Amino acid sequence: MTQSAIGQTKKLQCMFTDINGTLVDPASITLKIGIEAGNEVTLLETKAIGDLTKTSTGVFYYFYTPTQAGRYRFEFSTGGTPPTVVSSGTFDVSVAVFS
C-alpha cells in the first residue's frame, strides 16, 4: 500500500495471463474504484476496457486522481458471472502537509 496526497495521480495497473502464465487480452475488463467508509466501501467509479490504456498484450492501466482523503480500493476483473477478480489493491490518500 502506498501513501498519496489529494490530487496526486495514481497509476492503477493489471497484467492478465492465461493458465500457462502467457499474457493475454481479455474480451472485457472492468476496473472499480472505491473509498472505505467505516466497514463499507463506497463505489466511486467503474471503468470498462475502452477507458483503460493498453501498453502491450495483457497489460492495462488507468490513471486515477483522488479528490478526497481516505483509503481507496481498486479491483480489476474480467467478464463472466460472477466476474473473475484478477487484481486488487489499496492506497491511502491524505491532505498534503506542504504545498
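The model is a predicted one, in which local features need pLDDT of at least 70 and side-chain atom pairs count only at pLDDT 80 or more, while totals for chains, interfaces and linings use all residues. Residues are numbered from 1 along each chain as its sequence is written, and side-chain values use heavy atoms, with hydrogens and water left out.

## Strands and sheet pairing

The secondary structure comes to 0 helices and 8 strands, where helices (H or I, at least four residues) and strands (E, at least two) are DSSP runs numbered from the N terminus. Of the 99 residues, 29% count as buried; buried means under 20% relative accessible area, exposed means over 50%, and partly exposed lies in between, with a 1.4 Å probe and protein chains only. Among contacts between residues at least 6 apart in sequence, 58% join residues at least 24 apart, a contact being heavy atoms within 4.5 Å.

Strands of a sheet pair through backbone hydrogen bonds, either parallel or antiparallel. Here two strands are taken to pair if DSSP finds at least two bridges between them. The antiparallel pairings described for this model are set out below.

| Strand pair | Bridges | Residues opposite each other |
|---|---|---|
| S2 and S6 | 6 bridges | Lys10 and Tyr64 |
| S5 and S6 | 3 bridges | Ser56 and Val59 |
| S3 and S7 | 7 bridges | Gly34 and Arg73 |

An open sheet of 3 strands has the order S2-S6-S5 with antiparallel pairing. S2 and strand S5 (53-56) stand at its edges with a single partner strand each, so one side of each is left without a neighbour in the sheet. Neighbouring strands of this sheet are turned by 30 degrees against each other on average, direction ignored; the axes are lines fitted to C-alpha atoms, for helices over the stretch in contact, and angles run from 0 to 180 degrees between N-to-C directions.

In a regular strand the side chains alternate between the two faces of the sheet. S2 has a covered face made up of Lys10, Leu12 and Cys14, and an uncovered face made up of Lys11, Gln13 and Met15.

Thr78 is found in strand S7 (residues 70-78) and is buried, with a relative accessible area of 18%. Thr78 and Ser28 are 50 residues apart in sequence, yet their C-alpha atoms are 5.6 Å apart in space.

## The nonpolar core

In soluble globular proteins, nonpolar side chains tend to be buried together. A nonpolar core is here a set of buried Ala, Val, Leu, Ile, Met, Phe, Trp, Tyr and Cys residues joined through side-chain atoms within 4.5 Å. The largest such core has 16 residues, and those with the most contacts inside it are Leu12, Leu31, Ile33 and Phe76. S2, S3, S6, S7 and S8 each supply at least two residues of this core, and its largest share, 4 residues, comes from S3. Leaving aside residues up to four places away in sequence, Leu31 touches Leu12, Glu45, Thr46, Lys47, Leu52, Tyr62, Phe74, Glu75 and Phe76.

## Aromatic rings

A search of the whole structure finds 6 aromatic pairs. Rings of Phe, Tyr and Trp (its six-membered ring) pair if their centres lie within 6.5 Å, and planes under 30 degrees apart count as stacked, over 60 as edge-to-face and the rest as tilted.

Phe16 and Phe60 form an edge-to-face pair, at 5.9 Å centre to centre and with 75 degrees between the planes. This pair links distant parts of the chain, since Phe16 lies in the loop between strand S2 (10-15) and strand S3 (29-37) and Phe60 lies in strand S6 (residues 59-64), 44 residues apart. Phe16 counts as buried at 3% relative accessibility, and Phe60 counts as buried at 5%.

The rings of Tyr61 and Phe63 have their centres 5.1 Å apart and their planes at 65 degrees, so this pair is edge-to-face. Tyr61 is buried, with a relative accessible area of 14%, whereas Phe63 counts as partly exposed at 48%. Lys11 lies over the face of Tyr61, at 4.4 Å from the ring centre; a charge sits over a ring if NZ of Lys or CZ of Arg is within 6 Å of the ring centre and within 35 degrees of the ring normal. Elsewhere, ring pairs link Tyr64, Tyr72, Phe74, Phe76 and Phe91 into a cluster.
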